[in-house]
Each structure stands twice: as C-alpha cells, then as structure tokens.
Amino acid sequence: MRHLLLLLILLSCVSMGAAVAGCRSDRDKDHRPRENCTAAGFSDIPVGLEPTTKVLLFPSNLFSSLSWSSFQVFPEIYEIDLTGNKVPEVTPTASPILPTLSVLRLGSNHLTSLPDGSFSACPGLTELYLENNAINSLSDHTFSGLTKLEILELSSNHIKVLPQSMLHPLPAIETLYLEKNKISVMPDEWFSRKEEVPYLYLSANPWACTCSLGYLRRYLDDYELNVYVRDGPEIKSEVESVVCDAPRQHKERREKVCKGKM
Ligand SMILES: *[C@@H]1O[C@H](CO)[C@@H](O)[C@H](O)[C@H]1NC(C)=O
C-alpha cells in the first residue's frame, strides 16, 4: 500500500515535470491540447512542451522572428498565437512546412511589408490575423496559395494601395477587415473572382471621391448588406461607414459626372 502511494506520488511528479514554467496546459473549446504561455518573456519556443500540442499561445512575449521550422516539432499544430510580439517579417518557403496550421495570429507585431508567397509555409490557413502592424505594401502574390483562407484581418495598418489581383488566390474568403488604413481607391473588378464577401469592413479609410471610385460605388450598391463596422465584439451592417475623403470641394460635381457614366 505504501509502495503504491509512493509510486503514485512519483508518477504525478513526472507528469508535473513535463510542464513548462510560464505555460499552462489545457484544451481549447474543441478539446485540442493547448499551451497558454501568455506574457511569459519567451523569445523562442521553450523546450519541454508536448509534441502533441495543437494550440500554442504566445501573446505578449518577446519573439523577434518567426521561424516556421521551429514549430515542426508539433506535427499536428492547428493554431499559433504570436499577437503582441516583435516579429518584423515573414519569410516565404519553397514548400509547405506547417501543412496542418489553420489559424495564425500576428497582430501587433513589427511587420512593414509582406513579400510574395509570405505564407507558403502554411497553405492550410483558414484564419490570418495581421492587424495593428505597420504594413504599407502588399502585392498580387502576398497571399498566394491560401485557397482555404476565410478570414483575413488587415485593419490598423498603413496600406495605401490594394493590389489589383490580391484577392484572386483567395477563393474561400468570407471576412475581410481593412478598416483604419490609408486606402483611397478600390481597383476596378477587385472582387471579380468571388463577387460576394459576406463580411466586409472598409471604414476609416480616406476613400477619394473621384471617378475611380465608380467600381466601389457599384459594388456597394449590389452588396450593401455585407458591409459592416465593429465596436469590440459588436458588429453591425452599415454601408454608410464607407465615406468619401478628398476632394471635398468637388465631391458633388464629380459624383454627378461619374454617375452619368454608370
Ligand atoms: C491564457 O492565459 C492568460 C493568463 O495567463 C489569460 O488571460 C488568457 O485568457 C488565456 N487564454 C486563453 C485563450 O485561455
């Protein structure tokens, strides 16, 4: 009896020994094994985490780079949260490194631009969060290969130009967050590959009321119920959130001229 007790104590010590200081093991709402290492001062993945982990949370840590291959020790990785770190760039890879990764959170980092094929390491992404960085340039190929991507979060960046074909590699896109950028023009036929994006956030951009806005205006007429604004978790449909910025004094006249063309 005493031996059994000793054995039990020993066993529980061994399983406690596997825990990593600064991280808490639990499960997400879908029962995936999760490690929550929030604000624990890590600049790299600590050793000792279970390889069966599917959800890795590192918000508010000190990662200053994103090494795709360092996550390969978790062959079933589903979600990586690096919100609030110091990642300055993401690197394209020649082949998929993390094919099981579905959710990637890189909000509030130091990203400034995203090269072609930025996310070729993880072609299975369904949700990609890049809000609150300093992203100022995107290309037609930034999101190449993300055929399953449903949610793309790009709000609160410095985006000025929407590349003409940026949405073409994203046939599954359902929610697109673009608020709080510096976008003035939506390219003609921007949504042509997939006309309907059910949740579209376009507010707080300096939309210019020139004839080049013709496509956006026609698009909004057709899909006005898909345009939303949010306040924390609250969302509401509000097509009026897309307002003109410059040039104010010519606004009325230009609208008339352009409407005549439609
Ligand atoms: C992770 O842990 C932090 C506290 O350390 C907590 O505030 C946060 O809600 C946890 N995250 C999840 C998704 O459970």
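Analyst: One term first: a residue is buried under 20% relative accessible area, exposed over 50%, and partly exposed in between, using a 1.4 Å probe and protein chains only. Also, this is a predicted model, so local features need pLDDT of at least 70 and side-chain atom pairs pLDDT 80 or more, while totals for chains, interfaces and linings use all residues. Residues are numbered from 1 along each chain as its sequence is written, and side-chain values use heavy atoms, with hydrogens and water left out.

User: Okay, is Ser108 buried, partly exposed or exposed?

Analyst: Ser108 counts as partly exposed because its relative accessible area is 27%. You'll find Ser108 in the loop between β5 and β6. Its phi is near 55°, a positive value in a residue other than glycine.

User: Where is Glu189, and what is its phi?

Analyst: Glu189 sits in the loop between β8 and β9 (199–201). Its phi is positive, about 60°, although Glu189 is not a glycine. With 40% relative accessibility, Glu189 is partly exposed.

User: Let's zoom out. How many helices and strands does the protein chain have?

Analyst: The protein chain has 3 helices and 11 strands. These are DSSP runs numbered from the N terminus: helices are H or I with at least four residues, strands are E with at least two. Starting at the N terminus, the order is α-β-β-β-β-β-β-β-β-β-α-β-β-α.

User: And how much of the protein chain is buried?

Analyst: 43% of its 262 residues count as buried.

User: What about helix α2, how many of its residues are buried?

Analyst: Helix α2 spans residues 214–223 and is mostly covered, with 7 of its 10 residues buried. The buried ones are Gly214, Tyr215, Leu216, Arg217, Tyr219, Leu220 and Tyr223. As background, an α-helix has 3.6 residues a turn, so residues three or four places apart point the same way.

User: Changing topic: what share of contacts joins residues at least 24 apart?

Analyst: If you take the contacts (heavy atoms within 4.5 Å) between residues at least 6 apart in sequence, 51% join residues at least 24 apart.

User: Tell me about Ile135, then. Which residues is Ile135 in contact with?

Analyst: Beyond its neighbours within four places in sequence, Ile135 is in contact with Leu111, Thr112, Leu114, Leu130, Leu154, Asn157, His158 and Ile159. Ile135 is in the loop between β6 (127–129) and β7. At 0% relative accessible area, Ile135 is buried.

User: Where is Ser155, and what does its side chain do?

Analyst: Ser155 is in the loop between β7 (151–153) and β8 (175–177). The side chain of Ser155 makes a polar contact with the side chain of Arg230, at 3.2 Å. Within protein, a polar contact is an N or O pair within 3.5 Å, one able to donate a hydrogen and the other to accept it; residues adjacent in sequence count only if both atoms are side-chain atoms. Ser155 is buried, because its relative accessibility is 6%.

User: Is Gly124 buried or exposed?

Analyst: Gly124 is buried, at 14% relative accessibility. The loop between β5 (103–105) and β6 holds Gly124. Setting aside residues up to four places away in sequence, Gly124 touches Pro99, Leu101, Ser102 and Lys148.

User: And Ala208, where does Ala208 lie?

Analyst: Ala208 lies in the loop between β9 and α2. Its relative accessibility of 16% makes Ala208 buried. The C-alpha atoms of Ala208 and Cys244 are 5.5 Å apart, though the two residues are 36 apart along the chain.

User: Last topic: how many cavities of 30 Å³ or more are there?

Analyst: The structure holds 1 cavity of 30 Å³ or more. A cavity is a set of points on a 1 Å grid where a 1.4 Å probe fits but cannot get out, and lining residues have an atom within 4 Å of a point. The largest cavity has about 40 Å³ of space.

User: Which residues line the largest cavity?

Analyst: The lining is Leu167, His168, Leu170, Ile173, Trp190, Phe191, Arg193, Lys194 and Val197.

Conventions. On a 1 Å grid over the protein atoms alone, a cavity is a set of points where a 1.4 Å probe fits but cannot get out, and a pocket is an open set with protein on both sides within 12 Å along at least five of seven lines; lining residues have an atom within 4 Å of a point. Grid points are joined across faces, edges and corners, and a volume is the space filled by probe spheres set on the points.
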